[in-house]
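Hi there,

Here is the structure I promised to pass on. Have a look at it first, and my notes follow below.

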Amino acid sequence: MTAGIIDHETGTRDIRKLGGLYKYMPWTATLAMIAAASMAGLPLANGFLSKEMFFTEAVDGQAAFAFGFLVPMAATFGGICSVAYSLRFIHDVFFNVEPRDLVERKPHEPPMFMKAPVALLVVICLVVGVLPAITFGPIVHVAASAVLGTAPPEYHLAIWHGFNLPLLMSAIAVLGGIVFYFALQNKFNLHLHHPRG
C-alpha cells in the first residue's frame, strides 16, 4: 500500500528515482518505517513474533536432517536479507538524496483515505506485537485446532522468551542486514562513480 501511495504522489515506484521523501511525506514515511520494522522482524512488531517462531522451528527441526546445522544458518541468512531490503526501502526512498529529476511531480502527503488503511495495519502490527497472546492467540488456537482436528500442542505467544538461540539469530539478522545493505550500497555507489570500461 505504501508503494502505491508513493507511486500516486511521485508518478513512479522506481526506487532508483526516489529519495528524500521524508521531508515531503513525513506521516507516510513514519507509517512505512513501522511497517518495514515489522517486515524486518524488529521487536514490538508482529513480524518479530513470526521471525522468532520461524527461527525456533529451524533450531528444533535441524535434528531431522543430515546437515541440520545448515537449517538455522539458512534461516538466519533469510533474516539478514529481510532486514537489508527493509532498510533499503526506507533509506533509499525516504532519506538518502533528493528525488531525481525523473520524478514526474513534486511529492506531498496523500489524502487521508489513502493513509488510513496503512495506519490501520500499522496499529494492528504494533498491538499484535506487544500483546500477542490476547490479540492473536485465540485466532491461532482456533485455526490450529481446525487444521489438526484436535487441540494443538502447547505453545506460548509472547514478546520475550528469554536469552536463547533464536534471539541470538535475530540479533545476527539485524546487525548482518545493516552491514549487508550499507556494504552493497557503498559498492554500488563506487561503480556509479567509477564505471568499468
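Leaving aside neighbours within four places in sequence, I6 is in contact with G11, T12, L18, L21, F89, V93 and F94. Please keep in mind that this is a predicted model.

Three of those partners come up again in the largest nonpolar core, which has 15 residues: I6, L21, V93 and F94 are the ones that touch the most other members. The elements that each give two or more residues to this core are α1 (2-10), α2 (26-40), α4 (70-94) and α5 (112-130). Among these, α2 gives the most, with 4 residues. There is also a second, separate core of 7 residues, including F55, V59, A75 and I80.

The C-alpha atoms of L165 and F55 are separated by 8.3 Å, although the two residues are 110 apart along the chain. L165 has 41% relative accessibility, so it counts as partly exposed. S170 lies in helix α8 too, but it counts as buried because its relative accessibility is 4%. Not counting residues up to four places away in sequence, S170 touches F48, K51, E52 and F55.

And the cysteines? The structure holds 0 disulfides. C81 counts as partly exposed because its relative accessibility is 24%, whereas C125, at 16%, counts as buried; the cut-off for buried is under 20%.

Happy to talk any of this through.

Best wishes

Key: Residues are numbered from 1 along each chain as its sequence is written. This is a predicted model: local features need pLDDT of at least 70, side-chain atom pairs count only at pLDDT 80 or more; totals for chains, interfaces and linings use all residues. Side-chain values use heavy atoms; hydrogens and water are left out. A disulfide is a pair of cysteine sulfur atoms within 2.5 Å. Buried means under 20% relative accessible area, exposed over 50%, partly exposed in between (1.4 Å probe, protein chains only). Contact means heavy atoms within 4.5 Å. A nonpolar core is a set of buried Ala, Val, Leu, Ile, Met, Phe, Trp, Tyr and Cys residues joined through side-chain atoms within 4.5 Å.
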